[in-house]
Each structure stands twice: as C-alpha cells, then as structure tokens.
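Colleague: Could you take me through this model slowly, and tell me what stands behind each term you use?
Modeller: Gladly; here it is, and we can go term by term.

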Amino acid sequence: MPIPVYLAPMCNVTDIAYRQLCREHAGITTCLDMVSARGQLTRDETPPLLPDDGVQLLGGDPQYLVPAALQFPDAAFIDLNVGCSVRKVVRKGQGSALLKDLANLRRCVEALVDACPQPVTVKIRIGWDRETLEDTARALKGLDIARVTVHGRTAVQNFSEPADWGAIERAVGLFDVPVVGNGDVTSFERATWMMEGTGCDGVMVGRAAINDPLVLRDIEQGEDTCRTPEERITLFEEYAGLVERYGNVRFAQVRQHAVQLCRSMPGAAKKRMAILHSTDVEQVLAVLGEQRSPIQDKLE
Ligand SMILES: Cc1cc2nc3c(=O)[nH]c(=O)nc-3n(C[C@H](O)[C@H](O)[C@H](O)COP(=O)(O)O)c2cc1C
C-alpha cells in the first residue's frame with residue numbers, strides 16, 4: 001500500500017505553482033500555507049486554490065477564525081496552525097502559543113468544526129518547551145477532527161535538533177483521530193521507518209521537498225531514486241511554466257526555488273549568485289541552461 005504523503009505547508013515556498021508541480025509528479029495532498037485569519041477578513045480576495053487544496057489558518061480567536069474559514073468554501077479542508085513559533089505570532093496567542101492555552105485551543109477547534117462544512121485538521125508541535133502531547137490530546141478529545149499532524153519538535157526547538165519520532169509514536173496512541181507524522185522525512189526509506197516505527201497514518205514532508213520535490217514521488221511510489229542535473233533543470237522549467245499559467249507568484253520566490261533546485265549541481269555556488277542577480281525567469285533559465293552538457297545539446 002502506498003504511504004499517504006502530504007506536502008507540508010511552507011510560507012514563501014508552497015505557492016500555487018509549486019503545489020501543482022508537486023501534484024503533477026506525486027498523488028499528494030497539498031495545503032495553502034498559513035493565512036492570518038484576521039488579515040484575511042480585511043482583504044477583498046482569497047488566495048487562489050487548486051482543486052482539493054486545503055487552507056491553513058493562523059489565529060487564536062474563533063471570532064476571526066470562523067469567518068475567515070467561511071471565505072474558503074472551495075477548500076477541501078481547513079487546517080489550524082498550532083505550530084508557528086515566530087515571536088510576533090506567539091505574542092498574539094496564535095500558532096504554537098495555543099499549546100500553552102489548551103482551553104482556547106479547544107475553543108478555536110470546536111468553533112471551526114461546528115462552522116465549517118469541510119473537514120477540519122490541526123497541525124501541532126509536540127509541546128511548547130517540553131512534550132505535552134497527553135494534555136493536547138485531552139484538550140482535543142471528542143472533537144470531530146479529521147486528522148492531526150504532529151511536527152516532532154517543541155515550539156522552542158529549532159531545526160538543529162532532530163525531530164522526536166518517539167513523541168510521534170506516543171501521539172498515535174493518545175489521539176483518537178488519524179495522526180500524520182512530520183519532521184525529518186527526507187526519502188522513501190525514512191518515510192517507511194517513520195510509518196513502521198511510529199504507527200502513524202501518513203507522513204508530511206517539508207524541507208526535503210524544497211530542493212527535491214520528486215522525493216514526494218519516491219515516497220508515493222515506494223522507491224528512492226536520484227536526480228540528474230538535467231532532471232532538476234527540467235523540473236524548474238515545468239515550475240516556470242506553471243508560474244506563467246497561474247501568474248501570481250512573486251519573482252523572488254521563483255528565484256528562491258531555482259536556487260534550491262540547483263543546490264546539488266556542479267558549480268552550484270556560482271549559479272546561486274547568478275540566479276540571485278537575475279531579474280526575470282528567462283535569465284534564471286539561461287543560468288540553469290548553462291548546466292546542460294554538450295552531449296545533451298547535440299541530442300536536442
Ligand atoms: C520555509 C518554511 C516555512 C514554513 N511555513 C509553515 C507554515 O506556513 N505553516 C506550518 O504549519 N508550518 C510551516 N513550516 C513548518 C513545516 O510545515 C514543517 O512542519 C517543518 O518544516 C518540519 O518538517 P520537515 O522536517 O519535513 O521540514 C515551515 C517550514 C519551513 C522550512
């Protein structure tokens with residue numbers, strides 16, 4: 001049975017073109033990265049969604065979360081962000097700060113479940129400054145949540161420490177809904193270890209999919225494969241085509257994807273500089289195109 005794979009919501013990374021790129025290569029679930037509930041209520045438009053995209057909301061007050069969620073009637077699911085640890089977010093009692101106020105967390109999730117016609121999911125960390133999964137599971141008990149994604153780190157931990165998969169295993173035993181494991185899944189092999197070691201119901205992949213979206217396909221198809229530089233360039237070309245199709249992706253973000261995709265290519269440092277000095281997609285494509293070998297050129 002293929003492993004259920006989710007692309008992690010990542011702000012400034014998982015734009016609509018990137019989500020589509022990942023979907024064209026793997027049958028995955030994607031989600032619009034965090035949208036401030038309060039901010040959304042002051043906007044006239046909602047960010048564009050792909051069919052079956054979920055929407056992740058950031059907020060700590062049902063008064064804003066519920067009307068913001070209702071602005072996305074086409075979202076396949078509504079996800080509550082209980083993981084963001086950026087100081088200005090936490091100061092407002094949002095994101096991972098909800099792990100310190102579990103009564104409010106329950107109030108927010110309950111209000112979303114009651115108001116939203118679509119399934120509601122929650123993405124949490126294992127705790128604020130220590131693992132408190134038991135308390136979090138108790139706070140959410142009995143609510144009609146479709147799944148909980150557990151990022152195996154506390155809010156105060158940064159990425160320098162490995163994700164705690166033991167905590168994800170405990171979460172599987174504590175929550176009365178399906179649990180998706182998240183943190184340091186970088187290959188099919190590691191996805192298998194996480195599934196077998198924790199008993200989770202699926203895996204969510206973040207950073208590994210930034211510089212190699214095809215890792216999602218590897219996990220889905222059950223085999224780790226390698227990428228040639230040419231394949232990486234082709235991926236960027238596909239992405240650039242999708243950016244043109246959807247038309248609302250910032251160029252700085254497009255450039256960042258090019259930098260990430262060429263990270264393991266020969267001469268990556270030089271390419272990186274040239275890409276960062278590019279002013280349009282054509283220039284980025286030209287920098288990457290320099291990679292193509294003379295043999296490749298003769299074949300074309
Ligand atoms: C650049 C970046 C942006 C992120 N933005 C979000 C976000 O908008 N919402 C969210 O829930 N998590 C966000 N995250 C956290 C990821 O979704 C994920 O939980 C984390 O990276 C751990 O997974 P990984 O080890 O596979 O990267 C972000 C992570 C990165 C690296």
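Modeller: In strand β7, asparagine 182 is the bridge partner of histidine 151. This is a predicted model, in which local features need pLDDT of at least 70, side-chain atom pairs count only at pLDDT 80 or more, and totals for chains, interfaces and linings use all residues. Residues are numbered from 1 along each chain as its sequence is written.

Colleague: What makes β6 and β7 paired strands?
Modeller: Two strands pair if DSSP finds at least two bridges between them. Four bridges join β6 to β7 (residues 179–182), and these strands run parallel, so by that rule they pair. The names themselves come from DSSP runs, where helices are H or I with at least four residues and strands are E with at least two, numbered from the N terminus.

Colleague: Which strand is joined to β6 by six bridges?
Modeller: That is β5 (residues 120–127), which runs parallel to β6, and in this pairing isoleucine 124 has valine 150 of β6 as its bridge partner. Between β5 and β6 the chain passes through helix α6 (residues 133–140), in a β-α-β crossover that is right-handed.

Colleague: What makes a crossover right-handed?
Modeller: With the strands pointing away from the viewer, the path from the first strand over the helix to the second must run clockwise. The crossover from β6 through helix α7 (residues 165–174) to β7 is also a β-α-β crossover, and it is right-handed.

Colleague: Why is β6 called largely enclosed by the rest of the structure?
Modeller: A residue is buried if 20 or more other C-beta atoms lie within 10 Å of its own, exposed if 12 or fewer, and partly exposed in between, with C-beta atoms placed from the backbone. Eight of the eight residues of β6 (residues 147–154) are buried, and therefore the strand is described in that way.

Colleague: Is tyrosine 18 buried or exposed?
Modeller: Tyrosine 18, which is found in helix α1, has 23 C-beta neighbours inside 10 Å and therefore counts as buried.

Colleague: Which residues is tyrosine 18 in contact with, leaving aside its neighbours within four places in sequence?
Modeller: They are Val13, Tyr239 and His257, where contact requires that the two C-beta atoms, placed from the backbone, lie within 7 Å.

Colleague: How is the chain divided into domains?
Modeller: There is domain 1 (5–221) and domain 2 (229–299), with bounds that come from an automatic or database domain assignment. Their C-alpha centres lie 29 Å apart, and 11 residues of domain 1 are in contact with 13 residues of domain 2. On the side of domain 1 that touches domain 2, α1 gives the most, with five residues.

Colleague: Why is asparagine 12 called exposed?
Modeller: Asparagine 12 has 10 other C-beta atoms within 10 Å, and so it is exposed. Asparagine 12 is found in the loop between β1 (5–7) and α1, and its phi is near 65°, a positive value in a residue other than glycine.

Colleague: Why does aspartate 52 count as partly exposed?
Modeller: Aspartate 52 has 13 C-beta neighbours inside 10 Å, and so it counts as partly exposed. Aspartate 52 is found in the loop between α2 (37–40) and β3 (54–58), and its phi is positive, about 75°, although it is not a glycine.
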